[in-house]
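Here are some notes from my read-through, written with the model open beside me. Please have a look at the view below and follow along.

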Amino acid sequence: VEAERQAASLIALSDLSVSSTFTVIGFGSENGPGQVAARVYCERIPVVDAASRRSVAQCAEEIHRRQRNEGNDTDHATALQDAVALLASGDPDAIRVVFLLTDGVLDVGNSSRWGPDPAKRSDEAALALTERILPEAAKSGVQIWPLGFGNADLKALEVMAAGGAGANPQCDTVEAAVPRARIVDNERDVINALTEAFAGAICANQTDPVSGTIKGGETLRLKVNIPVVATEGAITVSKFNSAIDVTYLDPDGKAIPLPSGTLDDQEIERVGAEAKVEALRVSNPKPGEWTVVLNAPEGLEEQLVNTRVLFRGRLASTITLVPSFPRPGEQVQITVRLSTRRGVITDPQALSGIQFSASVEGNGFDSRTIPLTPPLPGDADAAAYRGTLTVPDGACGPFTITGRVTGQGVSGDVRTANSAVNCEAPLFANLTLDGGSHRPGDTIRVLVEVENEGSPTEAHLSLRDVTGGGELTVDASPMILESGRTTEERSLTFGENTPPGDVSATVRLVSPEGVELASTFVQFRILGPPSWWDRNGGLVIIGVALLLLIALGLLFWRRRRAQIRSLSDLSVQLHDDQGPVGEVIHGSRRPVLELAVEPVPG
């Protein structure tokens, strides 16, 4: 029962939505006057903030083991009936989910509400479950995720899981989203199983739990990883003792502001700090290894604690064709890349669990799937899945390549590349521009080279699949592609509000009809706004150099002047007809020179 309380609290604390509502229903049986088979502890609590999430956790604390005088048999048929009726009247666009936790088989022999004959009551309840309650759940779109322990009947639980609504149609990976029954052996597994079911129901994913032991006076650090595909997540901590204090460090080692705040564009909210389970909800989380730091008070007995990450992501993909305007019989390389809000993914490990696919449709093509090969180890383009398509000899006119990216816990993406078979006069085009590092406001050159063997035609540049929040614009002024060779230059500009980080885009040369004549995928690293030193450093260096020259000039002048005044560079020596006489007398600051001259006759 304690595990049920904590599990119910944890899913409310970690729910990634801010528009969910929660209801907690306790059930046993109705065996006599004053007893109720199912009791609603709290109804439709909206979890819009930390306070309302704590309300659900406090409501879950009312769950208790029933005594005989309360009716302690097992009537989950009535509990499901009440839950389905409550959910059926709610928001028609919401995901409707029942998590059923039970420790036994359907047992209502002492409950007169299921008929006068005690021997037939359980059969009557089972019949109502399969013929009325479960069909109503399926009709109302209510999923049922049963979790059993103790003497629970797995087959009966599987009937309930299959009898309600099927997988959430919003989930890309259907397998994980299909309701299924579970049986667990201990209280810790109750929490793990229920959070796994919750992740499946809301189209989320979660990492494996990371565990450790801690006792009084100790500090324990547990590492969890938030994937690069996550756009929202919750780090859940099952500490089983509310006295344990928890702090968090992001992948850069920065302490997370608690209980809420903003750190490097991450919106953070901590809930449940005073409870036995808690969660750190993060919007736009930094991908990588986070550290959960647990501090136990003195005197606490050793116990196991664990943490894990519940996350959801929104994927974006790009698709490029080379050549974009192929001829019949020519082979086209198709590249599908995955990106997130932080740019194109470069770590192959981040693509674990993500599925890539592509298909083709067009005049002269057999509609079919195109196999895509993952990047090889050491591939510089680590997020590129590639496939090839040979254009049929008889193909002519437009065709479409569709790329799909899906995965559990992420909202997938579908991209199309519309082109045409170059079945008339050949035209070959190439686009060249530099990636590398740039700043907001920069403009770079785009070189367009075309070899046109047909009559003159028109084209212009356009952008597709811009990622990373880049405010990119391209000069789309028309260019005339004359017969023969044409070389044109256009520009691409980074908007002043383009955020720092990785930005990618597909630059395209298209005809007025929208046919893609050429395309190239390019990545940029956007640097932050220039610092004061970036703007003025050159002038500072020139100024310092001039000051040094002036100082050196003054120093030389003063030293020379002092040397002149001190006669330190002068020396005196007497000479006669035969040459030098005596020693050389060198100058000093206070020179004294005595000469004794003897007259010589004549």
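1. Strands pair if DSSP finds at least two bridges between them; helices (H or I, at least four residues) and strands (E, at least two) are DSSP runs, numbered from the N terminus.

2. Before going further, please keep in mind that this is a predicted model, in which local features need pLDDT of at least 70 and side-chain atom pairs count only at pLDDT 80 or more, while totals for chains, interfaces and linings use all residues. Residues are numbered from 1 along each chain as its sequence is written, and side-chain values use heavy atoms, with hydrogens and water left out.

3. What joins E13 to strand E12 (residues 266-271)? Five bridges do, and the two strands run antiparallel; Glu269 has Arg281 as its bridge partner in E13. E12 and E13 form a hairpin with five residues between them, and Gly272 in the turn has a positive phi of about 85°. Six of the seven residues of E13 are buried (buried means under 20% relative accessible area, exposed over 50%, partly exposed in between, with a 1.4 Å probe and protein chains only).

4. Glu278 and Arg270 meet in a salt bridge at 2.9 Å, N to O (a side-chain nitrogen of Lys or Arg within 4 Å of a carboxyl oxygen of Asp or Glu). Glu278 is buried at 0% relative accessibility, and Arg270 is buried too, at 12%.

5. Asp264 forms a salt bridge with Lys286, with the closest N and O atoms 2.7 Å apart. This pair links distant parts of the chain, 22 residues apart: Asp264 is in the loop between strand E11 (260-263) and E12, and Lys286 is in the loop between E13 and strand E14 (288-295). Asp264 is partly exposed at 35%, whereas Lys286 counts as buried at 9%.

6. Elsewhere, Asp502 and Arg525 form a salt bridge with their closest N and O atoms 2.5 Å apart. Asp502 lies in strand E32 (residues 501-510) and Arg525 in strand E33 (residues 516-526), 23 residues apart. Asp502 is partly exposed at 26%, and Arg525 is partly exposed at 42%. A network of salt bridges links Asp413, Arg415, Arg464, Asp465, Arg508 and Glu516, and a search of the whole structure finds 25 salt bridges.

7. E19 (residues 354-362) pairs with E20 in the antiparallel sense over three bridges, and Ser359 stands opposite Thr369 in E20.

8. Finally, the helices. H1 (residues 2-14) has 13 residues and reaches 18 Å from its first C-alpha to its last, close to the 18 Å expected at 1.5 Å a residue (the expected span is 1.5 Å times one less than the number of residues). Twelve of the 13 residues of H1 are buried, so this helix is largely enclosed by the rest of the structure. Gly200 lies in helix H7 (residues 187-201) and is buried at 4% relative accessible area.
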